[in-house]
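Try each task before you read its solution.

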Amino acid sequence: DTYDVGITTITWTVTDIHGNSSTDTQTITITDDEAPSLTVAADQTQTADPGSCDAAVTVVGPVTADNCAVQSVVNSHTGTDDASGTYLVGTTTVTWTVTDIHGNSSQDTQDITITDNEDPSLTAAADQTQTADAGSCDAAVTVVGPATGDNCGVQSVVNDYNNSSDASATYPVGTTTVTWTVTDIHGNS
């Protein structure tokens with residue numbers, strides 16, 4: 001016959017033609033060794049929230065099933081059955097684990113990728129005017145650098161006059177235009 005997972009005790013009774021009988025028991029044990037199925041959703045990619053180096057992500061959860069019943073579904077990011085939350089720029093691998101009512105489990109992973117497409121901010125200081133040094137047709141100028149910022153972090157600030165982060169140098173008489181370039185840690189500039 002068909003037996004449920006678990007222990008079923010059968011009592012056997014034998015009776016002879018004169019009404020004498022004896023009984024004994026037999027145990028039928030059915031085990032569930034079948035792991036539950038787990039199908040994770042496709043990897044997700046999202047742009048960082050404006051002004052932030054992370055993003056609030058609604059994560060599509062996995063599809064699960066089991067021959068007996070699923071007891072729990074948890075993920076490594078939140079420790080619950082819902083991986084939605086805040087993710088940093090970069091790729092976070094979320095490990096999903098499904099466990100059935102008999103302790104069998106399966107795992108699979110899903111990648112959540114957050115990209116930084118936000119350019120850093122750059123505000124050049126006011127234009128500077130200075131008199132040439134005495135007896136010279138140029139001047140040693142201490143240049144005020146630009147104000148910069150970024151949602152994730154500034155990697156470099158470079159000017160085109162001396163290719164450094166400090167444009168202070170000797171400038172000839174006349175107008176020199178200094179172009180500043182700021183680049184963030186993800187290559188946006």
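A residue is called buried under 20% relative accessible area, exposed over 50%, and partly exposed in between. Keep in mind that this is a predicted model.

**Exercise 1. Sort Cys53, Cys68 and Cys137 into these classes**.

Solution. Start with Cys53: its relative accessibility is 23%. That value lies between the cut-offs of 20% and 50%, so Cys53 counts as partly exposed. Cys68 has a relative accessible area of 31%, so it is partly exposed too. Cys137 comes to 59%, and therefore counts as exposed.

**Exercise 2. Find the disulfide and say which parts of the chain it links**.

Solution. The structure holds one disulfide. Cys53 and Cys152 form it, with their sulfur atoms 2.0 Å apart. Finally, look along the S-S bond: the angle about it is 105°, and the link is right-handed.

**Exercise 3. Work out the strand order of the open sheet of four strands, and name its edges**.

Solution. A reminder first: strands of a sheet pair through backbone hydrogen bonds, either parallel or antiparallel. Here the order is β4-β10-β9-β7, and the pairing is mixed. The edge strands are β4 (44-47) and β7 (70-75), each of which pairs on one side only. From one strand to the next, the twist averages 20°. Now take β9 (residues 90-100) and β10 (residues 105-115): they pair in the antiparallel sense over ten bridges.

**Exercise 4. Describe the surroundings of Ile28**.

Solution. Begin with its element: Ile28 lies in strand β2 (residues 21-30). Then set aside the neighbours within four places in sequence; Ile28 is in contact with Tyr3, Gly6, Ile7, Thr8 and Ile10. Thr8 is 20 residues from Ile28 in sequence, yet their C-alpha atoms are 5.1 Å apart.

**Exercise 5. Is the chain a compact globule or more spread out than one?**

Solution. Count the elements first: the chain has zero helices and 16 strands. Its radius of gyration is 36 Å, whereas the globule rule gives 16 Å for 189 residues, so the chain is more spread out than a compact globule. The spans of the C-alpha trace along its principal axes are about 140 × 20 × 15 Å. To finish, turn to burial: 25% of the 189 residues count as buried.

Technical notes: Residues are numbered from 1 along each chain as its sequence is written. This is a predicted model: local features need pLDDT of at least 70, side-chain atom pairs count only at pLDDT 80 or more; totals for chains, interfaces and linings use all residues. Side-chain values use heavy atoms; hydrogens and water are left out. Two strands pair if DSSP finds at least two bridges between them. Helices (H or I, at least four residues) and strands (E, at least two) are DSSP runs, numbered from the N terminus. Axes are lines fitted to C-alpha atoms, for helices over the stretch in contact, and angles run from 0 to 180 degrees between N-to-C directions. Contact means heavy atoms within 4.5 Å. The radius of gyration is taken over C-alpha atoms; the globule rule is 2.2 Å times the number of residues to the power 0.38. Buried means under 20% relative accessible area, exposed over 50%, partly exposed in between (1.4 Å probe, protein chains only). A disulfide is a pair of cysteine sulfur atoms within 2.5 Å.
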